[in-house]
Amino acid sequence: MSEFTNPLWNPFIRAVRAEVKPALGCTEPISLALACAIAAGQLTKPVTHIEAWVSPNLMKNGLGVTVPGTGMVGLPVAAALGALGGNPQGGLEVLKEASAEALTRAKALLDAGKVQINLQVPCDEILYSRACVYADDESASVTIAGEHTRVIEITCGGKTCFHRNEKVEHNDDDPLAVLSTATLSQIFEFAGHIPFADIRFILEAARLNDALSREGLSGKWGLHIGATLQKQRERGWMAQDLASEIVIRTSAASDARMGGATLPAMSNSGSGNQGIAATMPVVVVAEYVQADENMLARALMLSHLVAIYIHNQLPRLSALCAATTAAMGAAAGMAWLMGGNYQTMAMAIGSMIGDVSGIICDGAANSCAMKVSTSVSSAWKAVMMALEESAVTGNEGIVAQDVEQSIANLCALACRSMQATDKQIIEIMMSKV
């Protein structure tokens with residue numbers, strides 16, 4: 001990486017590299033699969049049974065989502081396949097190389113009732129999993145907390161062999177620390193002036209998420225929203241325009257991801273759907289305006305960094321659907337590609353806060369693709385308004401005159417009053433189990 005005269009630019013790149021990563025499958029079940037894979041890696045004999053404890057929010061996001069390559073839903077299959085076929089060094093792609101034979105053994109373990117998933121109560125961590133994997137008289141446990149891949153403890157045979165502070169420490173070495181004092185205007189300037197060579201890596205987000213989108217358009221995955229809308233457009237029920245292309249191709253990627261396709265998404269802030277929402281609208285608009293790789297990389301960098309900037313003010317998981325905030329990043333990237341300035345971006349984000357801020361997260365599931373499609377549709381609408389200097393004003397609702405204050409107002413809801421909403425959502429979902 002180059003050294004820049006602007007002291008924020010290297011930290012901005014570090015933040016994007018830390019938060020924009022390939023992920024195979026919904027990241028909450030994958031986090032548990034990783035814990036199981038690492039625990040199983042400590043054993044010398046075949047796995048005989050698994051017991052795990054997870055936080056309420058991780059349980060929420062694991063109840064209704066399909067685990068890639070299995071055709072099965074839920075945390076038990078993620079745990080079993082992680083232990084029997086996962087790569088302990090695979091991170092969010094822990095199940096990437098899981099074999100058909102490993103899946104067969106995982107299903108046998110499930111059928112024998114040898115996998116138990118429990119709710120960790122009380123639990124101070126929003127994102128938490130502890131997996132105990134047994135092999136006859138051997139045992140090992142792994143605890144992940146704070147972030148999807150952050151291992152805080154490993155025990156073997158009841159003895160601790162690795163331990164670190166359970167709380168995520170935010171210090172000067174934290175790649176996200178810079179965002180607590182940065183501004184959207186600084187991010188906008190960065191995206192427009194950073195040397196292309198230093199951000200070329202972000203083009204991988206376009207490649208991975210577009211591949212997911214094309215797979216989703218096959219109509220085999222999830223609620224096949226993208227494929228369905230494409231068919232209806234061919235029948236004349238939708239216009240053949242840029243707006244429909246954004247919604248169709250973005251929701252198709254989410255369809256494939258939530259439906260269990262064995263292709264990785266490029267995630268953002270620990271979420272594949274957030275990565276998709278921050279990527280695909282920008283890719284579609286870039287194609288439309290015939291942007292070269294340089295322009296696409298800048299627009300993607302702007303989109304992903306704005307999404308990270310907003311999400312950094314939120315809990316890692318909450319009652320607020322973060323596809324909405326990721327799509328605010330997409331609004332920034334689309335506005336830039338269409339010749340908008342900083343004010344255009346700010347107006348679009350403000351309008352989105354006035355539009356989709358009430359969408360709740362009720363767990364990862366195929367229906368997430370609906371929320372993704374709604375969010376990116378809102379982003380496009382907000383950009384169209386902003387290009388005509390029209391936006392939700394600071395006199396309306398939680399929107400303020402200043403976009404930074406609007407974001408702070410939205411995040412304050414998620415951090416405080418929506419915590420009660422989150423608990424009620426989890427209670428409703430657990431009553432169905």
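## Aromatic contacts in a predicted model

The structure holds three aromatic pairs. Rings of Phe, Tyr and Trp (its six-membered ring) pair if their centres lie within 6.5 Å; planes under 30 degrees apart count as stacked, over 60 as edge-to-face and the rest as tilted. This is a predicted model, in which local features need pLDDT of at least 70 and side-chain atom pairs count only at pLDDT 80 or more, while totals for chains, interfaces and linings use all residues. Residues are numbered from 1 along each chain as its sequence is written, and side-chain values use heavy atoms, with hydrogens and water left out.

Let's look at two of the pairs.

| Pair | Centre distance | Plane angle | Class |
|---|---|---|---|
| Trp9 and Phe190 | 6.1 Å | 70° | edge-to-face |
| Phe12 and Phe190 | 5.2 Å | 70° | edge-to-face |

Trp9 belongs to helix H1 (residues 9–19) and Phe190 to helix H6 (residues 184–193), so this pair links parts of the chain 181 residues apart; helices (H or I, at least four residues) are DSSP runs, numbered from the N terminus. Phe12, also in helix H1, is 178 residues from Phe190. Together, ring pairs join Trp9, Phe12 and Phe190 into a cluster.

How buried is Trp9? Its relative accessible area is 12%, which makes Trp9 buried (under 20% relative accessible area, with exposed over 50% and partly exposed in between; 1.4 Å probe, protein chains only). Phe190 is buried at 0%, and Phe12 is buried too.

Two arginines also meet rings. The charged end of Arg17 sits over the ring of Phe201, 3.9 Å from its centre, and that of Arg130 sits over the ring of Trp53 at 4.1 Å. Here, "over" asks that NZ of Lys or CZ of Arg be within 6 Å of the ring centre and within 35 degrees of the ring normal.

Notes
Helix = DSSP H or I, 4+ residues; strand = E, 2+ residues; numbered from the N terminus.
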